[in-house]
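Biologist: I have a model open and would like to go through its side-chain links with you. Shall we begin with the charged pairs?

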Amino acid sequence: MPQPKLTDDELKDILMNFSAARMKPYLSAANSNHGNAIRICQINTQLCEALYPSLHTLEIALRNTIDNVLSVKHGNDWLCNGKIQLDSYEHETVIAVCS
């Protein structure tokens with residue numbers, strides 16, 4: 001289904017609702033054409049949506065693998081048992097989580 005044709009003012013209003021920093025690369029890629037910038041942004045969002053399941057699966061597998069390796073080396077309570085060397089900020093954060 002074709003998308004409705006928006007006026008330049010409507011396109012500018014849509015773009016105003018996004019930060020200038022966010023839209024700058026899209027406007028640059030679209031040679032400052034507002035309609036094309038929005039379309040490129042939509043395509044980018046669709047690409048991100050397509051990648052999300054794989055990224056989600058990778059994140060779970062990586063996190064679980066890290067946990068398994070550290071559990072074998074430092075015990076099941078590796079995050080809170082003090083066996084891993086942390087800097088002061090990390091240590092304070094872990095203490096807050098483990099408390």
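Predicted model: local features only at pLDDT ≥ 70, side-chain atom pairs only at ≥ 80, totals over all residues.

Biologist: Which residues form the salt bridge, and how far apart are the closest N and O atoms?

Modeller: Arg 63 pairs with Glu 59, and their closest N and O atoms are 2.8 Å apart.

Biologist: Where do Arg 63 and Glu 59 lie?

Modeller: Both are in helix α3, four residues apart, which is about one turn of the helix.

Biologist: Is Arg 63 buried or exposed, or something in between?

Modeller: Arg 63 counts as partly exposed because its relative accessibility is 45%. Glu 59 has 37% relative accessibility and so is also classed as partly exposed.

Biologist: Let us turn to the cysteines. How many disulfides does a search of the whole structure find?

Modeller: The search finds one disulfide. It joins Cys 80 to Cys 98, with an S to S distance of 1.6 Å.

Biologist: What is the handedness of the link between Cys 80 and Cys 98?

Modeller: The link is left-handed, with -80° about the S-S bond.

Biologist: Now for the end of helix α3. What does the side chain of Ser 71 have beside it?

Modeller: A polar atom of the Ser 71 side chain lies 2.7 Å from the backbone oxygen of Asp 67. Ser 71 itself is in helix α3, and its relative accessibility of 13% makes it a buried residue.

Biologist: Which residues is Ser 71 in contact with, leaving aside neighbours within four places in sequence?

Modeller: Those contacts are with Asn 76 and Trp 78.

Biologist: What about His 74, buried or exposed?

Modeller: His 74 is buried, with a relative accessible area of 17%. This residue is also found in helix α3. Its contacts, apart from neighbours within four places in sequence, are Asn 81, Lys 83 and Ile 84.

Biologist: Which atoms of His 74 and Asn 81 lie 2.8 Å apart?

Modeller: They are the backbone oxygen of His 74 and a polar atom of the Asn 81 side chain. Asn 81 belongs to the loop between α3 and α4 and is partly exposed at 29% relative accessibility.

Biologist: How far is Asn 81 from Val 94, taking the C-alpha atoms?

Modeller: The separation is 10.0 Å, for two residues that are 13 apart along the chain.

Biologist: A change of topic: which residues form the nonpolar patch on the surface?

Modeller: The patch is made of Leu 55, Leu 58, Leu 62 and Ile 66, and together they have about 400 Å² of accessible area. Ile 66 lies in helix α3, which covers residues 34-74. With 42% relative accessibility, Ile 66 counts as partly exposed.

Biologist: Where is Asn 31 found?

Modeller: Asn 31 is in the loop between α2 (20-29) and α3. Ser 32 has its place in the loop between α2 and α3 too.

Biologist: Is Asn 31 buried or exposed?

Modeller: Asn 31 is exposed, at 69% relative accessibility. Ser 32 is exposed too, with a relative accessible area of 53%.

Methods. Residues numbered from 1 in each chain as written. Heavy atoms only, no water. Patch = residues over 30% accessible without salt bridge, like charges linked within 9 Å, V, L, I, M, F, W, Y side chains within 5 Å. Areas by Shrake-Rupley, 256 points an atom, 1.4 Å probe, with all protein chains shown as cover. Salt bridge = Lys/Arg side-chain N within 4 Å of Asp/Glu carboxyl O. Helix = DSSP H or I, 4+ residues; strand = E, 2+ residues; numbered from the N terminus. Buried < 20%, exposed > 50% of the residue type's maximum accessible area, 1.4 Å probe, protein only. Polar contact = N/O pair within 3.5 Å; in protein donor to acceptor, adjacent residues only side chain to side chain. Contact = heavy atoms within 4.5 Å. Disulfide = S-S within 2.5 Å.
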